[in-house]
Amino acid sequence: MAKYAGHQSLIKRAVFVYSTDQLDYKFSDTHPFNQKRLQLTVDLLKSIHALDEADIVKPRSATLEELLLGHDIRYIEAVKLAGQGKLTNKHGEAFGIGTEDTPIFPNMHEASAMIVGGTLTACDYVMQGMSQHALNLGGGLHHGFKGRASGFCIYNDSTVAIKYMQKKYNARVLYIDTDAHHGDGVQWSFYDDPNVCTVSIHETGRYLFPGTGAVTERGSGQGYGTSFNFPIDAFTEDESFLDVYRTALREITEFFKPDVIFSQNGADAHYFDPLTHLYGTMNIYKEIPKLAHELAHEFCDGKWIAVGGGGYDIWRVVPRAWSFIWTEMTDQPIPTGNLPQNWIDKWQQESPVTLIPTWMDPDQLYEPIPRKAEITEKNHQVLEKALYQIRSEQRNC
């Protein structure tokens, strides 16, 4: 394992990367990707006194050299021109911009480079021993490709950050993606790389963008066996989701033995999310960061970097779900009971839906799923198939 500078007594427990500049990544007032969720989450954490100004680190902008770690120069130049109003939608389509999913907006290069720079800031804090953990909720844009935007994602901050950690810190990275959409852009960037292991637990691509992420996508060449996909069935509930997550993550981490854990924390597997078909509740978002935290200390001397991702019910779901990541990172008690009334009063007047007044979801959030046993069994088969190679190698040792 790579060695890193810093003494435990001098390391901050965690840093929170944030500035209002991250809100500039905005396609339109009606686009489902809405970074106002960052503002809502920060305000919620401050309302319960879980986040202080001393915890917050401002993101920097990624340099051209850094962006080139994950993207082509022609693509970067196209993004710059688009943001200056000098690229038509027709010409932008070849680069995935100017589309319905990823429309052009002013200064899109600068806004996107700030998202990437925020994740790089998080990486440097952890890898240089200035903090054990770091959280950049503005990041997690996992659909971006080398020369093309996709699925609301212009620059892929996770891909750039992992390549950055490889180049600067010689790190062996475990990437964990619990977004309801397959982490395709990151997977394909490291598909033949034996020193990056990608794990994606997502709704099956049968009916959901991007349609990839089958169990059979295992990597290629020297990277074969370091790509793991768990395409769970639509209408999957908490128990089955967490069974796949806990079993898969522990076995894969023990198998891969990373230097650092990098987790993407999309909050769109929730029942309320308008773009997906999973039936998760706050229970999964309370549990997801717990295991990532535990494994980081067990295998990586605590090195854990987390980013945001999807999450399209920005009022009822994302602020609560993402708050759990920060309280877990900082060893604070899991929030329980009611949300602060001042937060509810402040944001209810803007919210188009009635806010959930409690940290956990109400009982009987949805009608019972008649296919629960069948869905659970399907997901278990996916789990067994994806982990078959690891278990076979262990038996032969």
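1. A crossing of two helices is called left-handed if the near helix is turned anticlockwise from the far one by less than a right angle, and right-handed if clockwise. By that rule α1 passes α10 in a right-handed crossing. Helices here are DSSP runs of H or I with at least four residues, strands are runs of E with at least two, and both are numbered from the N terminus.

2. The model is predicted: local features need pLDDT of at least 70, side-chain atom pairs count only at pLDDT 80 or more, and totals for chains, interfaces and linings use all residues. Residue numbers start from 1 along each chain as its sequence is written, and side-chain values use heavy atoms, with hydrogens and water left out.

3. On α1 and α10 (residues 318-329): their axes come within 9 Å and cross at roughly 55 degrees. The axes are lines fitted to C-alpha atoms, for helices over the stretch in contact, and angles run from 0 to 180 degrees between N-to-C directions. The pair is therefore oblique; angles under 35 degrees count as roughly parallel, over 145 as roughly antiparallel, 65 to 115 as roughly perpendicular and the rest as oblique. From α1, the contact uses Arg 37, Leu 38, Leu 40, Thr 41, Leu 44 and Leu 45, and from α10 it uses Val 318, Pro 319, Arg 320, Trp 322, Ser 323, Trp 326 and Thr 327. Contact means heavy atoms within 4.5 Å. The residues of this contact comprise eight nonpolar, three polar and two charged, where Ala, Val, Leu, Ile, Met, Phe, Trp, Tyr, Cys and Pro count as nonpolar, Asp, Glu, Lys and Arg as charged, and the others, Gly among them, as polar.

4. α1 (36-47) also packs against α11 (residues 341-348), at an angle of about 155 degrees with the axes 9 Å apart. These two helices are therefore roughly antiparallel to each other, and α1 passes α11 in a right-handed crossing. Lys 36, Gln 39, Leu 40, Asp 43, Leu 44 and Ser 47 of α1 face Asn 342, Trp 343, Lys 346 and Trp 347 of α11 in this contact. By class, the contact of α1 with α11 has four nonpolar, three polar and three charged residues. Leu 40 and Leu 44 of α1 are listed in the contact with α11 and in the contact with α10.

5. For α9 and α10, the packing angle is about 30 degrees and the axes are 9 Å apart. That makes α9 roughly parallel to α10. The crossing of α9 past α10 is right-handed. α9 supplies Met 282, Tyr 285, Lys 286, Pro 289, Lys 290 and His 293 to the contact, and α10 supplies Arg 320, Ala 321, Phe 324, Ile 325, Glu 328 and Met 329. Of these residues, seven are nonpolar, one is polar and four are charged.

6. Glu 328 of helix α10 deserves a separate entry. Glu 328 is buried, with a relative accessible area of 16%; buried means under 20% relative accessible area, exposed over 50%, and partly exposed in between (1.4 Å probe, protein chains only). Leaving aside neighbours within four places in sequence, Glu 328 is in contact with Pro 289, Lys 290, His 293 and Trp 304.

7. Helix α8 (residues 238-256) has 19 residues, so at 1.5 Å a residue it should span 27 Å; the end C-alpha atoms are 26 Å apart, which agrees. The expected span is 1.5 Å times one less than the number of residues. The buried residues of α8 include Phe 241, Leu 242, Val 244, Tyr 245, Leu 249, Ile 252 and Phe 256, and also Asp 238 and Glu 251.

8. Backbone points to check follow. Most residues other than glycine have a negative phi, and most peptide bonds are trans. Lys 257, which follows α8, is not a glycine but has a positive phi of about 55 degrees. Lys 257 sits in the loop between α8 and β7 (260-264) and is partly exposed at 45% relative accessibility. Asp 301 likewise has a positive phi of about 55 degrees without being a glycine; Asp 301 is in the loop between α9 (282-299) and β8 (304-307) and is exposed, with a relative accessible area of 56%. Phe 209 and Pro 210 are joined by a cis peptide bond, with omega about 0 degrees. Pro 210 is in the loop between β5 (196-203) and β6 (227-232).

9. Ala 54 lies in the loop between α1 and β2 (56-57) and is exposed, at 65% relative accessible area. Ala 54 and Phe 16 are 38 residues apart in sequence, and their C-alpha atoms are 9.2 Å apart in space.
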